[in-house]
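Visitor: Please show me the structure, and then let us go through some of its local geometry and contacts.

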Amino acid sequence: MAEKQKFTILSFVGGGIRGLMSVTILNKLYTKYPQIIDNTDLIAGCSTGSIITSELLAGTKPQDLITFFTTKEIDFYNKMNSDPNVPAYSIDEVFASQLKLHPTAKVSDLGRCALFVSFNVGGAALKDGVKTPTPWEPVMYTNMIADHGDVLVAKAATSSGAMPGQLGSYEGNIDGAFFNHDPTVAAIALAVKAGYALEDITAITIGTG
């Protein structure tokens, strides 16, 4: 009898600079199981977890992610804007760093399954010349559903971490925590939608609560 097909998920919860804890845990797993990332079918992230996801998709090693959080991320958070009328940090700087990592790649172009969760705050759109309200809605940028991956990886990762007040919105999108701080259930749902049985899905969730 043929072995049932398995589906594995690595899921990263949000938490800002506390993502350092997540990548430290990941590095410990990676040191013991060097194939853990290569053998993962779907990498999912929310907020800082989406930045981790984006870095892993670009080939960044866990140890280098620790360096990233202890250097570039600390430098970023040390540049807080003291003006209470604007966000504390620059969302454009986040996008620029992501664009440097994935210059032209769309989520649909990625060589492995990915998920970035965000939340769109709605607004107004012109429909037949009439301004019509558009509702709030959760957003899943993923290459596991047709048309959900037709977006730059840089935009998906930036949108997922666009916490209001801290960073502000990005093109109407805000932090995925407004959808679910932990993207694991959404990732499992995508695997089920793709035809995998629950008993054949393995998910490791790493986060700071």
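Guide: Asp147 is in the loop between β6 (137–142) and α5 (153–160), where helices (H or I, at least four residues) and strands (E, at least two) are DSSP runs numbered from the N terminus. This is a predicted model, in which local features need pLDDT of at least 70, side-chain atom pairs count only at pLDDT 80 or more, and totals for chains, interfaces and linings use all residues. Residues are numbered from 1 along each chain as its sequence is written, and side-chain values use heavy atoms, with hydrogens and water left out.

Visitor: What is the phi of Asp147, and is Asp147 buried or exposed?
Guide: Asp147 is not a glycine, yet its phi is positive, at about 75°. Relative accessible area (1.4 Å probe, protein chains only) sets the classes: buried under 20%, exposed over 50%, partly exposed in between. Asp147 has a value of 73%, so it is exposed.

Visitor: Where is Glu171, and what is its relative accessibility?
Guide: Glu171 is another residue other than glycine with a positive phi, near 50°. Its place is in the loop between α5 and β7 (173–174). Glu171 counts as exposed because its relative accessibility is 53%.

Visitor: How do the axes of α1 and α3 run relative to each other, parallel or antiparallel?
Guide: Axes are lines fitted to C-alpha atoms, for helices over the stretch in contact, and angles run from 0 to 180 degrees between N-to-C directions. The axes of α1 (residues 19–32) and α3 (residues 62–77) come within 8 Å and cross at roughly 160°. Angles under 35 degrees count as roughly parallel, over 145 as roughly antiparallel, 65 to 115 as roughly perpendicular and the rest as oblique. The two helices, α1 and α3, are therefore roughly antiparallel.

Visitor: How many nonpolar, polar and charged residues are in the contact of α1 with α3?
Guide: Contact means heavy atoms within 4.5 Å. On the α1 side are Gly19, Leu20, Val23, Thr24, Leu26, Asn27 and Tyr30, which meet Pro62, Gln63, Leu65, Ile66, Phe69 and Thr70 in α3. Ala, Val, Leu, Ile, Met, Phe, Trp, Tyr, Cys and Pro count as nonpolar, Asp, Glu, Lys and Arg as charged, and the others, Gly among them, as polar. The division is 8 nonpolar, 5 polar and no charged.

Visitor: At what angle do the axes of α2 and α4 cross, and which residues meet there?
Guide: The axes of α2 (residues 48–57) and α4 (residues 91–101) come within 10 Å and cross at roughly 20°. That angle makes α2 roughly parallel to α4. By class, their contact has 3 nonpolar, 2 polar and 1 charged residues. From α2 come Ile51, Ser54 and Glu55, and from α4 Val94, Gln98 and Leu101.

Visitor: How many disulfides are in the whole structure, and how far from Cys46 is the nearest cysteine sulfur?
Guide: A disulfide is a pair of cysteine sulfur atoms within 2.5 Å, and the search finds 0. Cys46 is in no disulfide, and the nearest cysteine sulfur belongs to Cys113, at 19 Å. Cys46 counts as buried because its relative accessibility is 0%. Cys113 is partly exposed at 23%, and its nearest cysteine sulfur, that of Cys46, is 19 Å away.

Visitor: Which residues is Ser160 in contact with, leaving aside its neighbours within four places in sequence?
Guide: Ser160 lies in helix α5. Its relative accessible area is 0%, so Ser160 is buried. With those neighbours left aside, Ser160 is in contact with Gly45, Cys46, Ser47, Ser50, Val117, Ser118, Asp175 and Gly176.
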